[in-house]
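Here are some worked exercises to go through with the viewer open. Try each one yourself before you read the solution.

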Amino acid sequence: MKAHSSVIKKIDQTLLKNNPVTWSSRIHTAGIYGLGFALLLAIISFIAPNDPRNNSMIHYWVILISTVSLLAFIFWMIYLLRFNVFKRFGAWKSTDTVKTFIFYFIIILIIISWPFIPPVIESVKANAAYTSEELTADINSMNVKICQLEQDSIDKRFRRDTFEIDNSITRLQRRYDRVETYTQEAVEAANADNYYLIDTATLRSRLLIADSVKKITDSIYVTYACPDYKFIYQYGLDEYSLLKLMSSMDLYRQVLQYRQAVDKAKLRTELGQLFAKYSPYHDPASLASGRQRYYDYGESSYMSRIRDKYDLYLVNQQIDNITGKKYRWDKETIGICWRLGYYLTLCLAMLVLIYRHTTRRTFFLTLLTSVVLTIVTALFIGMTPYSENAFYIWTITYFVLFIIISAFILNSRNRNLISGISLNHLVFMTPFMPLIVTALYYESLRNRYRFSGDPEQYDTLFKNAELHYFVSEIGGFVLLIVLLTTVYQQAYKKWYALPEQ
C-alpha cells in the first residue's frame, strides 16, 4: 500500500513540475483510483450472494453506487479547483484545451460507469448459472410431464371458428342468420356460434396462424385453435436459444392426442427435481410449495386448477427472474444505457471545461440564461401554431445567434459578459448540432411523405435513418474536438485575457 502511494506521489510530483496542465486535471489520481474502485466493485458484485432465481435487488445497488459516484464527482471537483493553469496565464499550448476536455471526459466516464457494473455482473452470473438451451429443454420437459400426469383432466376441445368469404365487408364481421349451403357440414358450420364474414386478405392471415384448417366449400373455411397447454412459459426465450419451446400444438400431438400409459411415480420424481431446480420453495415429493396463497385463480378452467395444484406461478416467476437477468442487455437496453452514459458524461465534461475557461460570474449567468431561454422558447412554441419542426428551428436559430455574438470577441477591447455567455452556449451546443440538423431533415421528410400513400417509398426514405442519427452523434463529438483545438480555444484565451469593463 505504501509502495502504491509512493508511486502515485512520484507521478504527481513529476507532472506538477513538467506538465502542470495534465497535473491540474487530476487524471493520474482520479483515473487510477476510479479504475481501482471499478475493479473492486466488480469483485464485490461477483462475491456477493445472488441467486439468479430470486427477485433482483439490483436497483438498491444502482442507487447506492450512484450516490457514491455523485460524491466522487464532487470530491474530484474540489481537487480540480485548487489550481487552474489557464486562469493563471500559464503556458497553454494549442492542444491543452482539448486535452483537458478529454481528461475530464475520461474521468467523468469512469465515475458514471460505476452504477452499471453491478447489473452487468448480475447478468454474467445468471448466464453462467443457466444456459438458454438448458432453460428451453427444462421448460419443454416440465410441460410434457405435466400434460402426461394431467392428461385425463385437461380440456382437449379445440376452439372452432367458421369464416365465409365476403369481399363486400372490411376485415371481419359476425354473422348471425342461417345460410343455405350445399353440404351438411357447411350447414353445421354456418349455424355455429363462431361464424364470421371475412374478406380474402384477412382470411389469408387467419389461415396462416390457425392450428388446423378444414375447407368446407370454396368460400367457407373452418379453423381450429388448440387450447393452451403451456403451463410453464417464457415467451422471449426462443430469440436466444438454439432449441425452440414447444407450442401447445406440439404438446397436443406428442402427449394429448392419444392417451398414453405412463409411470406416474417416475414422472412425479422427475418433475419434482425440475421444480426444485427452479423454485427453492417447492417440495420435490409433493410437487407444491406449501406456501400460503394470496391469489385465487378459481376452478373455472383446467389451466387455473393445474397451476394452483402445483404452485406453478412460483416456477414461472423464478424463470422470469432468471431470464430477466440473463437477457437484460438486449440491443434496445444497450442503446439506451450507452447514450445515457455518453450524454451525461459529455454534458458534465463540457460544464467543467466551461467553468475552467470562464469567470465564475459568467458561468452561473450562463446557466441562468439557459433556464430563461428554455422557458421563453417553450412559451413561444406553445403559443404559436403547432409545428413538429419548431424545436429544431429554434435551436438552430440560437446557435447561429451565439456564433454572431461570439464573433465580436475578435475585435473587443474589453471582456464583455454577453459575448462570454454566448461563447459558453456555443461550445455547449456544438456536439448536438449535427443531431439536430439530421432530426430536422427527417422530420421534414416525414411530414412531406406521411400521406403519400406509397409505403415502399416511405420505407426506402427512412431505411438509413438510424445509421444517420448514429453518425451525427459521432460527428458532433468530432466537431467539438476540432473546434476546441482551433477556434474555441483561441476565443476563450482572447476573451479571458481582455481587461474587465
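This is a predicted model: local features need pLDDT of at least 70, side-chain atom pairs count only at pLDDT 80 or more; totals for chains, interfaces and linings use all residues.

**Exercise 1. Salt bridges**

How many salt bridges does a search of the whole structure find?

Step 1. The search turns up 14 salt bridges. As background, side chains of opposite charge can pair when their charged atoms come close.

Step 2. Start with aspartate 155 and arginine 157, whose side chains meet in a salt bridge at 3.1 Å, N to O. Buried means under 20% relative accessible area and exposed means over 50%, with partly exposed in between. Aspartate 155 has 24%, so it goes down as partly exposed. Arginine 157 has 67%, so it is exposed.

Step 3. Now take arginine 339 and glutamate 473, with a salt bridge of 2.9 Å from N to O. This pair ties together distant parts of the chain: arginine 339 sits in helix H14 (residues 331-357) and glutamate 473 in helix H20 (residues 465-497), 134 residues apart. Arginine 339 comes out at 29% relative accessibility, so it is partly exposed. Glutamate 473 is at 7%, so it counts as buried.

Step 4. Next, glutamate 443 and arginine 446 form a salt bridge, their closest N and O atoms being 3.2 Å apart. About one helical turn separates glutamate 443 and arginine 446, because they are three residues apart in helix H18 (residues 433-449). Glutamate 443, at 13% relative accessible area, is buried, while arginine 446, at 23%, is partly exposed.

Step 5. Finally, look for a network: salt bridges link Glu134, Asp138 and Lys277.

**Exercise 2. Strand pairing**

Which strands pair with E1, and in which sense, parallel or antiparallel?

*Solution.* 

Step 1. Find strand E1 at residues 159-165; strand E5 (residues 220-225) pairs with E1 in the antiparallel sense, over six bridges.

Step 2. Turn to strand E3 (residues 195-198), which runs parallel to E1 and is joined to E1 by four bridges. Here phenylalanine 163 has tyrosine 196 in E3 as its bridge partner.

Step 3. If you want to follow side chains along a strand, remember that in a regular strand they alternate between the two faces of the sheet.

**Exercise 3. The nonpolar cores**

Which residues have the most contacts inside the largest nonpolar core?

*Solution.* 

Step 1. The largest nonpolar core has 56 residues, and Trp76, Phe101, Trp114 and Leu346 have the most contacts inside it.

Step 2. Ask where this core comes from: helix H5 (residues 96-113) supplies its largest share, 10 residues. At least three residues come from each of domain 1 (1-129) and domain 4 (358-501).

Step 3. Zoom in on tryptophan 76. Setting aside neighbours within four places in sequence, tryptophan 76 is in contact with Ser25, Arg26, Ala30, Tyr104, Ile107, Ile108 and Val352.

Step 4. Apart from this core lies another one, of 36 residues, including Leu245, Tyr252, Tyr278 and Tyr327. In soluble globular proteins, nonpolar side chains tend to be buried together.

Notes: Residues are numbered from 1 along each chain as its sequence is written. Side-chain values use heavy atoms; hydrogens and water are left out. Two strands pair if DSSP finds at least two bridges between them. Helices (H or I, at least four residues) and strands (E, at least two) are DSSP runs, numbered from the N terminus. A salt bridge is a side-chain nitrogen of Lys or Arg within 4 Å of a carboxyl oxygen of Asp or Glu. Buried means under 20% relative accessible area, exposed over 50%, partly exposed in between (1.4 Å probe, protein chains only). A nonpolar core is a set of buried Ala, Val, Leu, Ile, Met, Phe, Trp, Tyr and Cys residues joined through side-chain atoms within 4.5 Å. Domain bounds come from an automatic or database domain assignment. Contact means heavy atoms within 4.5 Å.
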